[in-house]
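Biologist: Hey, I'm new to this one. Can you walk me through some of the ring contacts?

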Amino acid sequence: MNRIFFRFFVLVMLSITVATFFIYIAISRLFGDPLDDIARRQAAAQIFLLEQYIDKAPADEWLVRLNKVREVSDVKLDLVPLASARSALPAKQHGALDRGELVLDTAHKAFYRRVDLHGESYIGSAEEVIHAQELPIDIGLALEMEAVRYVIVALFLLVPAALWSRSHWLGLQALSRVADEVGAGKLAARAVFKPRASIYPLAERFNHMAGRIEGLLDAQKNLLHSVSHELRTPIARLEFALELLRSAADDPALETRIAAMEGDVAELNGLVNELLSMIRLDSRQGLQQADFELAPALLGCVDALDPLAAQPQVRLDGALGSMNGDRRLLLRAVGNLLRNAQKYGNGRIALSARRTDGVEIVVEDDGPGIPEGERGKVFEPFYRIDRSRDRSTGGFGLGLSIAQKAVALHGGTIAVEQSEMGGARFVIALPV
């Protein structure tokens with residue numbers, strides 16, 4: 001807020017400065033130099049004495065009155081030849097001097113004016129000029145006064161603008177916080193403003209959008225949840241029917257078909273379980289926070305892997321310590337990555353973990369890796385880089401998505417890179 005106000009203040013001051021410059025140019029061309037007008041006002045007393053006291057003296061008393069003014073005034077009054085005055089002034093002021101007008105020399109705090117045009121004041125006065133010096137002219141002070149005037153005007157313009165900007169900015173900040181909450185998964189968050197607030201229409205549109213998104217996602221979750229639960233009943237019936245069929249079958253060929261059907265049913269059952277896991281993660285159901293030691297938990301995750309597949313090389317930092325979170329969910333994320341490495345690696349798998357500002361867990365393998373263009377998509381549900389390979393290994397395309405959601409629930413991130421071993425390198429970064 002302070003930064004925005006400062007920028008606005010600088011902009012207003014620059015605008016006023018530029019406007020002042022153009023005003024000065026316009027007035028100078030239309031009405032003459034305004035600085036001369038200021039100087040004339042400051043020297044008004046001396047000009048008044050000259051025009052109202054000295055000039056109105058009879059011809060035989062003009063010099064007498066001039067000398068009287070010299071005695072009482074701090075201004076130095078001299079008579080100089082017309083030629084000297086013309087040489088001291090710029091050429092553009094010669095015409096005014098010749099016409100008998102008072103010509104200001106602001107830079108030297110002086111003015112020039114011919115005594116008269118016809119020599120009526122005294123003999124030879126037509127060729128002489130009265131030169132007043134040390135006039136009380138201070139253009140710097142006048143400019144400072146003008147600057148203070150403009151600053152005061154700018155401040156009176158800025159104070160109402162600042163008050164309006166502050167209320168507007170606070171409203172935008174509140175709306176931004178609600179947007180962050182919705183983006184973080186709190187779809188029930190809404191922006192609450194009074195109807196007279198400046199961003200009330202925007203907040204209402206945002207709330208409408210958030211409500212539609214919440215409704216669509218709820219409908220999707222409800223659909224998946226209902227379908228998953230509805231599938232459990234026919235799956236259970238198929239399993240029971242297959243058991244009855246196996247007990248009544250003596251044909252080896254039929255036994256092979258029954259085994260294949262049981263495999264399909266087991267795969268379908270596993271898919272339903274994965275879908276239910278996804279739904280629970282999306283709705284944050286069953287998230288159980290607790291402190292646990294990280295190193296033993298990771299070693300337990302390795303022990304739970306298929307003993308007939310390649311086993312990972314484990315490198316754990318000795319100072320991993322403990323962390324707070326849902327132990328089951330985090331280990332499931334790491335387990336999914338390790339099982340993927342077992343499926344797609346060529347025999348070498350590595351699991352490492354270290355503690356810096358947070359906790360970093362790395363799983364890598366020597367398999368074919370993941371192309372750079374596909375790395376942003378592998379965490380999408382049901383996405384497969386190679387469908388035939390996933391079918392042969394029994395994957396559903398949900399393991400990485402579940403791992404990402406589990407890590408995100410703990411405020412962490414998961415990324416995929418190229419491993420030095422040649423395959424994929426998955427990095428889990430968790431805050432402590």
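Modeller: Tryptophan 62 and tyrosine 122 are both buried, meaning under 20% relative accessible area with a 1.4 Å probe, protein chains only. This is a predicted model, where local features need pLDDT of at least 70, side-chain atom pairs count only at pLDDT 80 or more, and totals for chains, interfaces and linings use all residues. Residues are numbered from 1 along each chain as its sequence is written, and side-chain values use heavy atoms, with hydrogens and water left out.

Biologist: How many aromatic pairs does the structure hold?

Modeller: There are 2. Rings of Phe, Tyr and Trp (its six-membered ring) pair if their centres lie within 6.5 Å; planes under 30 degrees apart count as stacked, over 60 as edge-to-face and the rest as tilted. Tryptophan 62 and tyrosine 122 make a tilted pair, 5.7 Å centre to centre with 45° between the planes.

Biologist: And what about phenylalanine 379 and phenylalanine 426?

Modeller: Their ring centres are 6.3 Å apart and the planes sit at 85°, so that pair is edge-to-face. The two residues are 47 apart and link distant parts of the chain. Both phenylalanine 379 and phenylalanine 426 are buried.

Biologist: Switching topic: what sits over the ring of tyrosine 53?

Modeller: The charged end of arginine 65, 4.9 Å from the ring centre. The rule for Arg is CZ within 6 Å of the ring centre and within 35 degrees of the ring normal.

How values were computed
Buried < 20%, exposed > 50% of the residue type's maximum accessible area, 1.4 Å probe, protein only. Helix = DSSP H or I, 4+ residues; strand = E, 2+ residues; numbered from the N terminus.
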